[in-house]
Amino acid sequence: MKNPSGTQQPSSAAFLLAQVGSHAARKFAERLAPLRLSPPHAGILGVLRKSEGLSKQGLAEALHMHPSGLVAIIDELEERGLVKRQNSLEDRRTYELHLTDKGQAALRDIGRVEQEHNESLCVALSQREREQLTGFLQRIADDQGLTRGVQTRFSRLGRRQKKPC
């Protein structure tokens with residue numbers, strides 16, 4: 001964007017965050033594709049690693065989404081042998097979700113992809129600058145009430161998208 005004197009004006013921080021965020025999300029999805037995984041798969045597997053044995057309801061709460069939006073994704077992860085459902089010992093009407101050995105291996109692959117992605121995205125920054133940027137972004141995320149480690153896009157999963165008029 002140029003100002004009246006013809007020199008380049010910096011974009012706003014909010015615009016740059018949106019631009020880089022969109023680019024980073026797209027590139028991450030591209031990096032996951034060879035593993036036949038998507039960002040929602042990676043997010044669900046990551047939450048289950050931290051909270052093994054969650055119910056579908058508990059997982060939905062952790063991801064800030066409606067439980068019905070998880071059904072197809074959990075079914076797919078189960079069909080692929082990454083997740084298994086087990087009857088809860090506490091409530092026989094509830095299933096607990098657990099990672100399989102194959103799911104644990106997928107998480108190691110996802111971790112490698114995340115490292116490569118972070119390195120590629122932040123190549124222009126020194127280690128100190130990366131740490132500073134991470135700190136600044138975390139402060140913004142905390143101030144905005146975002147849950148650490150959970151992408152806001154999860155809340156849209158399973159919902160019908162409104163069609164433009």
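Among contacts in the protein between residues at least 6 apart in sequence, what percentage join residues at least 24 apart? The share is 52%, where contact means heavy atoms within 4.5 Å.

This is a predicted model, in which local features need pLDDT of at least 70 and side-chain atom pairs count only at pLDDT 80 or more, while totals for chains, interfaces and linings use all residues. Residues are numbered from 1 along each chain as its sequence is written, and side-chain values use heavy atoms, with hydrogens and water left out.

**Whole chain.** Begin with a cartoon view, in which six helices and two strands can be traced, running α-α-α-α-β-β-α-α from the N terminus; helices (H or I, at least four residues) and strands (E, at least two) are DSSP runs, numbered from the N terminus. Of the 165 residues in the protein, 28% are buried, and buried means under 20% relative accessible area, exposed over 50%, and partly exposed in between (1.4 Å probe, protein chains only).

**Helix 4.** Next select residues 71-79, where Ile73, Ile74 and Leu77 are buried. These three lie on the same side of helix 4 because they cover an arc of only 95° around the axis, the arc being that of the directions from the helix axis to the C-beta atoms. Ala72 and Glu79 are exposed on the face turned away from that buried side.

**The core.** Now show Ile44, Leu45, Leu48, Leu59, Leu63, Leu70 and Val83, which touch the most other members of the largest nonpolar core, a set of 26 residues. Such a core is a set of buried Ala, Val, Leu, Ile, Met, Phe, Trp, Tyr and Cys residues joined through side-chain atoms within 4.5 Å. Helix 2 gives the most to this core, with five residues. Centre the view on Leu45, whose contacts beyond four places in sequence include Leu77, Val83, Leu99 and Ile110.

**Arg80.** Finish in the loop between helix 4 and strand 1, where Arg80 is found. Arg80 is buried yet has no salt bridge, and Glu76, the nearest side chain of opposite charge, is 4.3 Å away; a salt bridge is a side-chain nitrogen of Lys or Arg within 4 Å of a carboxyl oxygen of Asp or Glu, and for charge Lys and Arg count as positive and Asp and Glu as negative, with His and the chain ends not counted. The side chain of Arg80 does reach the backbone oxygen of Arg36, at 2.3 Å.

Notes: A polar contact is a pair of N or O atoms within 3.5 Å; within protein, one must be able to donate a hydrogen and the other to accept it, and residues adjacent in sequence count only if both atoms are side-chain atoms.
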